[in-house]
Every structure is written in structure tokens, then in C-alpha cells.
Amino acid sequence: MRILRIAAMLSLMALSLFVASMNGRAAYTKRQEASQSIDPVTKWEKRVLPVLDHIPNNITALGYVADWDLPNSDYDVVDQDNEYTLTQYALAPRIVQPGVDHEWIIGNFTQPGFQEWLDQNLSAYEISEIGFGIYIIHRTTP
Amino acid sequence: MILKSFAVFLPALAAGFGLVHLIWKNDHGIALILKIFLGSGLGLGITSCLYFLRLLLFPGQGGYLLIECIFLTLILIALFVQKRISLDISPRFLPLSQIQILLSLTVILIGVVAISFLLAYARFAPHGDYDAQAIWNLRARFIYRSGDAWEHAFSPLVNRNFHMDYPLLIPLSVVGGWNTLGSEVLRIPTVLSALFFFSIAGVVFSVIAYLRTLSQAALAVMILLATPGLLLFTTFQTADIPLTYFFLASAGLFVLAGKENHRGLLVLSGMMAGFSAWTKNEGIPFVIVMILYTSIVFGILKAGRTFFSLLAGMSFPLLTIGLFKIVISANNDLFTSNALSEIVSKVFDPTRYAQILTHLTTELFRLGNWPISIILVLFVYGAIMGIKRPGSFAEKFVWIIPLSQFVVYLLIYLITPHDLEWHLNYSMSRLLIHLFPMALCSFFLFVNPPETVINKVQ
């Protein structure tokens, strides 16, 4: 029994060391990946921050429309949700609300047909493309 | 920048250590190590509460460092008055035996790997995980960037998915760090997460070393530091790891209070439980669990004094939470969109129980992302090593704390207004991580330590 107990203790140590070595390998891989590319959050921030150059400084809340608003559009729900969250994260403390109930609206479109949808839902507006499928939409009438 | 970010919190950590040292007059070497790791959470918790009061009372956002320094100065004065300024360290655990040296070297090695893991992820994902961007760091950004108008962070216009009702210990610590350094330094949330992670390891180690043996403590901390899931959650920069810390610290202090029959330790245990509620809403049921646990351990009739000590400790963080709930009247999504009739029908729906249990079995099997089930491994290890008779009553029933919190979590799943499958997938692994260090600590208090086996061999 004593030998079994010593073996149990050494096995527990060996298992911990084995798992730690796996953690070490994972750390090495991530370090390599980090040195080769920018993280996706920083990348997204760089895409959406230019929006601020197009809106007045006193605007505290913006609307947000994306592929998920377009009828029959093909999109990934998780991606769409992440992009909305990252847009809010990048633009805080300005509040980003899904929908078109604000004078200034961010558009995030990769699918065709979004301008028809905007025409149906906004009576008058101006649109500027920021790049990477990001648009700033200014409602010219309420 | 990592060291600079760490330095921001040093006065709070030192003040926390001083407070524990002031309350618990024990100069045993292990007790002092425990005080360091208890002090980290306590210092950060108290500072964040004081900083919240400062935001409510005065315009602007500066002064985090000043609050830390005032807190530290007051503690130093109290230590000086109480003649507790010198440390009379008694390293009773020296010299180390061969097995202790072997285990210590293994722990150091695994600890170094853990540090390299956290550093690599800090570069790979400097903004943390989705929840950090959607809740914790987002809240910090809202407050920091709003300046004097920091209450704007809680505007009802903010999307409900960003959980405005979540408490502020972590966001305010981040804001305090940013204000001190003068910019949004990404390493501040990273350092906070790492601080709490290593404090968990420190508390597990020193509680077990104090109550049992060094080898037993080393084995426990070895498993903890190697747990991939725990490391991964630390890189997420969410409030889960700090919450895990406060749960563990509160339970650990309660056991020590039972053993030493020390009311000061109960006050500290209550504070830690209170700070868990100031960290995340899951801490609110934990506060209730701790109160109920007190009545079980001490008996309802004898619990008066104990309750008083526990509640005295809880009072400051709970008052801060009360103020927060009054000033920021945001509702909890679990209850606002859940009518009573709907809750009752869910409670009597057997398919929900089956769904929860099926998911739970899978999650328990892969707890902490170990390549083989760590529960199974520990079960076999415990069966081989045998059970040690626990010392105090509090020690004997410490497992009730993680178990009760676990039951609370299962009840929340039962009544959740969200899609159950989504909710289980989204959160069960991290809720189990909240309880893992507490359960691990309880386990190693019940199992025979290696020394008993080795000594018999010698």
C-alpha cells in the first residue's frame, strides 16, 4: 500500500508536469501567432474608429445596422454579434444602439442590397464609405 | 509596462496585507505568506469601494493612487500603534525534506510555465475575451472616457447585452489604474487577472500548508497552476477569476476562524464574501451561503456572535453594492424578463433537469480542460491515499460551501429566461471554474498528506 501511495503521488506530479508542458506548447504557439499578426480587436478598432472623423463631437449615441438587418441575407450570427460588440467597445463612451433611430448610423455591410434596404427604411440620408464594409449614414430628415 | 501596471496596485496590496496582519496576530511563516495573498484581494476590494465613493462624492476621476496611499498610511499608523510593525517570522517549516524539495521544484517549474502562458496570451489577445469586451473592459472604457460624466456608462440607452447591473470591483480597479498611468494601458486588466490568479494559488497553498503539510499544499497548488481552463479564464480578463478568488478566500478564512476560534478571521471571511458580491452578481447568493453555513457550523443558537463578526466584515462591501444599486438602477436580466408563473413552470419541467444534468456530466468530465478527467484522477488518488480525519467542525463541513453554491448555479439554470442550451454552453464551464479551487482545497484537507506515507517508508 505504501508503494502504491508513493506511486499515486508521483503519478499526480507527472500528470501535472505533462499538462504544464502542454500549456507551455500552447503558450509558444500563441506567442508565434501574436508576433505574426495583429489581434482581431485592435484590427476592428482600426476599421471603425475613422467613423468618429465623420460625426460631430457632441454626438453621444449612434444607430447600428448590419447584414443581420437585411431580409433573407446570409450571415453568421456569432460574427455579427461580435462585430456589433467590438464596434461598441471601440467607440465607447458613445453608445451604439442597433437600429436606425438616431441621426448618425453606422452601417456594417458585406452583402449586396443594403442600399435598397436603407432606401426603404430611411426617408432621406447621406452615406459615406469608411472602408472594409463600414459606412456612416447621416439621416437628413427625421 | 507590465511591471508599471503592477506597481500601480502595490500600495493597495501592501495595505491589504497590513490589514490582515493587524487583525490576525499570527507570525507563523505560512500565516505570513497567506496574509500576502489575502491582502491582495482585500486591498484591491477596499480600494475599489473607496474609489466608487470618491466618484459619487467629488467631480473628476483622479485620486485612485491617493486613496491607495491614504489607506496604506492609515494601516501603517494602526500597525505602529498596535506594535505590529515588525514581523517576527518563525520559519517552522525549515529545513525541507527531500520530497518537499522535489515538490517545491515541480511547483516552481509549473508556475514558470503558467507565467509564460499568461504573457503569451497577453500579447495574443491583449483585450481579453468576448465578455471582457462586452462587459468588463467596456464598462471601464465607458467610465474612464466619460470623465466627469462617468454615470453615462450606466445610461439606459446602453444595450442590455452589456449587463449594466454588474458590479464594479474590476472595472473601477481598471479605471483607477488607467487614471494613475494617464492612459488606457492594456496591461492593467491583464495584471489584475494575473494578480488574482496567483493569489488563488497562494491562498490554496498557504491554507493547506497551514492546516496540513507543505507537501500536501504543493500537490494542490501544482494541480491548480497546471489547470489549463483556469489559465485560459485568467487570460479572458473577466471577473470570473477574481470572483473565484473571493469565494476561496472567504471559505479558507472561515475554516481558519473555526480552527483558531478567531473572530477577526470571521470578519475577514465576511469581507471576502462581500467583495465577491461587489465583483459579480454570483457573489450575492454566496453571501447567503456563507450566512447559512455559519448557522450550520456554529448552530443557530450560538451563531449570534459569529453572525455579528461575519456581517461586520460584509457590511462595507454590501453598503457599497447598495449605493451602486440605488445610484445605478439597472435590473438583473435573470429576473426582469422572467415572470413568476414562468419560473414555476420551469421548476416543474423535468426536461430542463435532464438537459442540465446531461450538460453537467460532460462539463464535470472535462473540468478545467484537463486531457483526462481531473475529478476521476483525484477520486482515484484520494482512494489510494486514504482519508484524514478533519480537525475542526468548520473544516469537516467546508465542502458544503462549494456544494451549496453549485446548487445555486443549477437553480439559476433551471429558471433562466435565456435559451437553456445556449446558457449552459455559454457559462457552465466558467461557473464550475468558480468552485474548482474551493473544491480542490477541501479535497486536500480530507486526503492524507504525502508526509504520512513518506515518513512511514523512512
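Colleague: In which sense do E1(A) and strand E2 of chain A pair, and over how many bridges?

Modeller: This is a predicted model. In it, E1(A) and strand E2 (residues 95-98) of chain A run parallel, with 4 bridges between them. Across that pairing, Leu62(A) is placed opposite Val96(A) of E2(A).

Colleague: Are the faces of E1(A) covered or open?

Modeller: Both are covered. One side carries Ala61(A), Gly63(A) and Val65(A), the other Leu62(A), Tyr64(A) and Ala66(A), and each of these is buried. Since 6 of the 6 residues of the strand (residues 61-66) are buried, E1(A) is largely enclosed by the rest of the structure.

Colleague: Now the contact between the chains. How is its size stated?

Modeller: An interface is often sized by the accessible area lost when the parts come together. Here chain B and chain A bury about 4,300 Å², and carbon and sulfur atoms supply 73% of that. On the chain B side, the residues losing the most area to chain A are Phe124(B), Leu157(B) and Ile384(B), which together give 14% of what that side buries. The contact draws 52 residues from chain B and 44 residues from chain A.

Colleague: How many salt bridges and polar contacts are there between chain B and chain A?

Modeller: There is 1 salt bridge between the chains, and 15 residue pairs are in polar contact, both residues being at pLDDT 80 or more. Several helices of chain B each supply at least two residues to the side touching chain A, among them H5 (130-146) and H17 (374-385). H4(B) gives the most, with 13 residues. By class, that side of chain B has 37 nonpolar, 11 polar and 4 charged residues.

Colleague: Which residues form a salt bridge between the chains?

Modeller: Arg141(B) and Glu45(A), with their closest N and O atoms 2.6 Å apart.

Colleague: What does a salt bridge within chain B join?

Modeller: Take Arg145(B) and Glu184(B), whose side chains meet at 2.6 Å, N to O. Arg145(B) is in helix H5 and Glu184(B) in the loop between H6 (169-181) and H7 (187-211), so the pair ties together parts 39 residues apart in sequence. Arg145(B) is partly exposed, at 29% relative accessible area, and Glu184(B) is also partly exposed, at 25%.

Colleague: Are Lys280(B) and Asp240(B) buried or exposed?

Modeller: Both are buried. They form a salt bridge with closest N and O atoms 2.9 Å apart, linking the loop between H11 (263-279) and H12 (283-298) to helix H10 of chain B, 40 residues apart.

Definitions and conventions
Residues are numbered from 1 along each chain as its sequence is written. Chains are lettered from A and ligands numbered from 1 in the order in which they are written. This is a predicted model: local features need pLDDT of at least 70, side-chain atom pairs count only at pLDDT 80 or more; totals for chains, interfaces and linings use all residues. Side-chain values use heavy atoms; hydrogens and water are left out. Contact means heavy atoms within 4.5 Å. Buried area is the accessible area (1.4 Å probe) that two parts lose on being put together, summed over both. A salt bridge is a side-chain nitrogen of Lys or Arg within 4 Å of a carboxyl oxygen of Asp or Glu. A polar contact is a pair of N or O atoms within 3.5 Å; within protein, one must be able to donate a hydrogen and the other to accept it, and residues adjacent in sequence count only if both atoms are side-chain atoms. Ala, Val, Leu, Ile, Met, Phe, Trp, Tyr, Cys and Pro count as nonpolar, Asp, Glu, Lys and Arg as charged, and the others, Gly among them, as polar. Buried means under 20% relative accessible area, exposed over 50%, partly exposed in between (1.4 Å probe, protein chains only). Two strands pair if DSSP finds at least two bridges between them.
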